[in-house]
Amino acid sequence: MGPAADPDAAALDASDPLAPLRDRFVQGGDVVAYLDGNSLGRPLTRTAERLPSFVREQWGEGLIRSWDEEWMELPFTLGDALGAAALGAAPGQTIVADSTTVLLYKLMRAALTARPDRRRIVLDDDNFPTDRFLLEGIAREDGLELDVITVDRTRGVSAEQLAAVLSDDTALVVLSHVAYRSGHLADMRELTRLAQESGALVLWDLCHSAGVVPTELDAWGVDLAVGCSYKYLNGGPGAPAFAYVRHELQGTIEQPIQGWMGAADVFAMAETYRPADGMRRFLSGTPPVLGMQPIVDMVELVAEAGIDAIRAKSVALTEYTIRLVDEVLAPLGVAVASPRDSDERGSHVTVTHPRFREVTAALWKRGVIPDFRSPDGLRIGLSPLSTSFAEVRLGIDAIRDELDLASRRDDAATVG
Ligand SMILES: *Cc1c(COP(=O)(O)O)cnc(C)c1O
């Protein structure tokens, strides 16, 4: 037990204003500490009820009529609700559609059409693979140059690093708001300002921040953003992604997958494609209505809880995690590979140890679920609306036990 100045898990849970909302999530099964909400958020009980009634009523009884009544507009109405609840985006700039990868591709290409005379794209070597792979392909197809910033893997891209590579030939900068590996939280406002000063457009990947770290996309003058909805937005496996395009850009950029749903008059069945005004032009095919249902519920819950309160609990959870790692796991050789300053940290804490691959496998068997990132990283994801401080305590103690067991196996092998 720590000194009085360090409250324990029970005290932290007792004084947590968001604690009652944990009951809104589906619980049960053998999981005792879910520490991977940053990869796949838990479902809401409301969603468990909504899906069967959606099938029976909107789909089963409304049938094709539901397209007119609600579904055609859902990419926009849900996008607007998400923009208001979590992104700092006024209506008419956010859609829900496609997968993250496809929306990233569409907006990367759209940005490049707006900067036809520029030949360079800036990214970093620690961005998520899909972001890097897409840019690799686009650069190859168009003969463009990639300026790859090499980052410290316990951190992310700094303003100094970005400033050093920008030039009047930079067309596009692609960055993650929260680094998927380290959890580093980028200074979105400052990095956006820097890139725009050089005349480039910026595309932000919000996968690891949407629903947990607030953004002010409008106020910070962000050009473009894409994020996924199955992490902190609890949309479920393969849930569609979202995209934000600043008002001023919408009329001037065009995305490459010109399908009928993005056309000016969808049901005109026109001879040739003419892009719709506004956000509709960023759609391609039929909206994934079924996949959007869980997001509707979670966006409502984020609005009810308040994104600032969610962020406050996220900070408290990551601070508590780091304190326990220092107390309990550091003596066993575990190091913190995430920023220690909460102003520079998203909602997960990455720790490293050479035995974490086997330790993670053992933890999963006992219902303690973090995730492993090669070669030696264990990510502890803290999803503020569904994770308690008690789960964190239990998880850290389980990691200690499994590390102990692993080193005793070594000792036994050496003696034997
Ligand atoms: C999870 C994640 C993705 C996932 O892309 P999908 O198309 O949904 O598979 C992309 N970028 C980042 C930064 C992520 O964390």
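How many nonpolar, polar and charged residues does the lining of the second largest cavity have, by class? I will come back to that after walking through the architecture. What we have here is a predicted model, in which local features need pLDDT of at least 70 and side-chain atom pairs count only at pLDDT 80 or more, while totals for chains, interfaces and linings use all residues. Residues are numbered from 1 along each chain as its sequence is written, and side-chain values use heavy atoms, with hydrogens and water left out.

Let me start with the domains. The domain assignment gives domain 1 as 7–43 + 306–415 and domain 2 as 70–304, the bounds coming from an automatic or database domain assignment. Their C-alpha centres lie 29 Å apart, and 32 residues of domain 1 are in contact with 29 residues of domain 2, where contact means heavy atoms within 4.5 Å.

Seven strands form an open sheet with mixed pairing, in the order β2-β8-β7-β6-β5-β3-β4. At its edges are β2 (94–97) and β4 (145–149), each of which pairs on one side only, and neighbouring strands are turned by 20 degrees against each other on average, direction ignored. As for terms, helices (H or I, at least four residues) and strands (E, at least two) are DSSP runs numbered from the N terminus, and two strands pair if DSSP finds at least two bridges between them. Within this sheet, β7 (residues 224–227) and β8 (residues 241–245) pair in the antiparallel sense over four bridges, and Val-226 has Ala-243 in β8 as its bridge partner.

Two helices go with this sheet. Helix α4 (residues 74–87) lies across β2 and β8, running at about 120 degrees to β2. Helix α6 (residues 129–142) packs on the sheet and touches β3 (120–124), β4, β5 (170–176) and β6 (201–205), its direction making about 160 degrees with that of β3. These angles run from 0 to 180 degrees between N-to-C directions, with axes as lines fitted to C-alpha atoms, for helices over the stretch in contact.

The other sheet is an open one of four strands, antiparallel in pairing and ordered β9-β10-β13-β12. Here β9 (335–336) and β12 (371–373) stand at the edges with a single partner strand each, so one side of each is left without a neighbour in the sheet. Strands β10 (residues 348–352) and β13 (residues 377–381) run antiparallel and are joined by five bridges, with Arg-379 in β13 as the bridge partner of Thr-350. Helix α11 (residues 307–329) lies across β9, β10 and β13, at about 20 degrees to β10.

That brings me back to the opening question. A cavity, on a 1 Å grid over the protein atoms alone, is a set of points where a 1.4 Å probe fits but cannot get out, and lining residues have an atom within 4 Å of a point. The second largest cavity holds about 40 Å³ of space, a volume being the space filled by probe spheres set on the points, which are joined across faces, edges and corners. Its lining has seven nonpolar, three polar and no charged residues, where Ala, Val, Leu, Ile, Met, Phe, Trp, Tyr, Cys and Pro count as nonpolar, Asp, Glu, Lys and Arg as charged, and the others, Gly among them, as polar. Among the lining residues are Phe-25, Tyr-232, Asn-234 and Leu-385, and at least three residues come from each of domain 1 and domain 2.

Note on methods. On a 1 Å grid over the protein atoms alone, a cavity is a set of points where a 1.4 Å probe fits but cannot get out, and a pocket is an open set with protein on both sides within 12 Å along at least five of seven lines; lining residues have an atom within 4 Å of a point.
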